[in-house]
Amino acid sequence: MPNKIIGKITGFLREFVVIFSIIIIIIGFLLLLMGIIWYGLIGDVELGFFTSTINQLKDWNAYVFVIGLIFLGSGIWYLYSYHKNKKFVLEEFKTNKRSELLKKHSELKHTVKHLPSKYKKMLKEKEEELRIK
């Protein structure tokens, strides 16, 4: 039962990886900015609610800064890996030669497993077109 739930959550996240990556990048950037303002520009900048939140956090801004770095880095990494995998899959789908697709078939299947479901459908169609089992 828990594996089904985890599978559904993973599938949902895989379908919207671009949106979630962008959201994580934005959150990471804002948290990073909070830390930078606290330690670098304290008192020089007045941004209303944003700076009042920073002032309330005080020394906790060090943790906010580190969490912002982690969020920003992971969001960028997920977005980059998605685009790299998507580019690889689409390049391989351009071929009309069965032998070329067979050379990369196992790598292609593994890569498609980590992309949204439309790429799985595209792979299945390409396999049927080139008669690959």
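The legends below describe close-up views of a predicted model. Residues are numbered from 1 along each chain as its sequence is written, and side-chain values use heavy atoms, with hydrogens and water left out. Because the model is predicted, local features need pLDDT of at least 70 and side-chain atom pairs count only at pLDDT 80 or more, whereas totals for chains, interfaces and linings use all residues.

View 1. The largest pocket holds about 420 Å³ of space. A pocket is an open set of points on a 1 Å grid over the protein atoms alone, where a 1.4 Å probe fits, with protein on both sides within 12 Å along at least five of seven lines; lining residues have an atom within 4 Å of a point. Grid points are joined across faces, edges and corners, and the volume is the space filled by probe spheres set on the points. The lining comprises 15 residues, and Arg14, Val17, Tyr78, Ser81 and His114 lie nearest the centre. Helix 1 (2-15), helix 2 (17-40) and helix 4 (61-93) each supply at least two lining residues, with the largest share, 7 residues, coming from helix 4. Helices are DSSP runs (H or I, at least four residues), numbered from the N terminus. By class, the lining has 8 nonpolar, 5 polar and 2 charged residues. In this scheme Ala, Val, Leu, Ile, Met, Phe, Trp, Tyr, Cys and Pro count as nonpolar, Asp, Glu, Lys and Arg as charged, and the others, Gly among them, as polar.

View 2. Helix 2 has 24 residues and reaches 33 Å from its first C-alpha to its last, close to the expected 34 Å; the expected span is 1.5 Å times one less than the number of residues. Its buried residues (under 20% relative accessible area, 1.4 Å probe, protein chains only) include Val17, Ser21, Ile25, Gly28 and Leu31. Helix 1, helix 3 (49-57) and helix 4 are among the elements that cover the buried residues of helix 2. Leucine 31 lies in helix 2 and is in contact (heavy atoms within 4.5 Å) with Val64, Phe65, Ile67 and Gly68, leaving aside neighbours within four places in sequence. The C-alpha atoms of leucine 31 and phenylalanine 65 are separated by 5.9 Å, although these residues are 34 residues apart along the chain.

**View 3. Helix 4 and asparagine 61.** The end C-alpha atoms of helix 4, which has 33 residues, are 47 Å apart, in agreement with the 48 Å that the helix should span. Among its buried residues are Val64, Gly68, Leu72, Phe88 and Phe93, and the buried residues pack against helix 2, helix 3, helix 5 (98-103), helix 6 (105-113) and helix 7 (117-129). Asparagine 61 also lies in helix 4 and is buried, with a relative accessible area of 0%. The side chain of asparagine 61 reaches the backbone oxygen of isoleucine 54 at 3.0 Å. Beyond its neighbours within four places in sequence, asparagine 61 is in contact with Met34, Gly35, Trp38, Tyr39 and Ile54.

**View 4. Threonine 111 in helix 6.** Threonine 111 is found in helix 6 and is buried, with a relative accessible area of 9%. Not counting residues up to four places away in sequence, threonine 111 touches Asn85, Phe88 and Val89.

View 5. Lysine 4, in helix 1, is exposed (over 50% relative accessible area), with a value of 63%. The C-alpha atoms of lysine 4 and leucine 41, 37 residues apart along the chain, are separated by 48 Å. Lysine 58 is found in the loop between helix 3 and helix 4 and has a positive phi of about 50° although it is not a glycine. Most residues other than glycine have a negative phi.

Conventions. A polar contact is a pair of N or O atoms within 3.5 Å; within protein, one must be able to donate a hydrogen and the other to accept it, and residues adjacent in sequence count only if both atoms are side-chain atoms.
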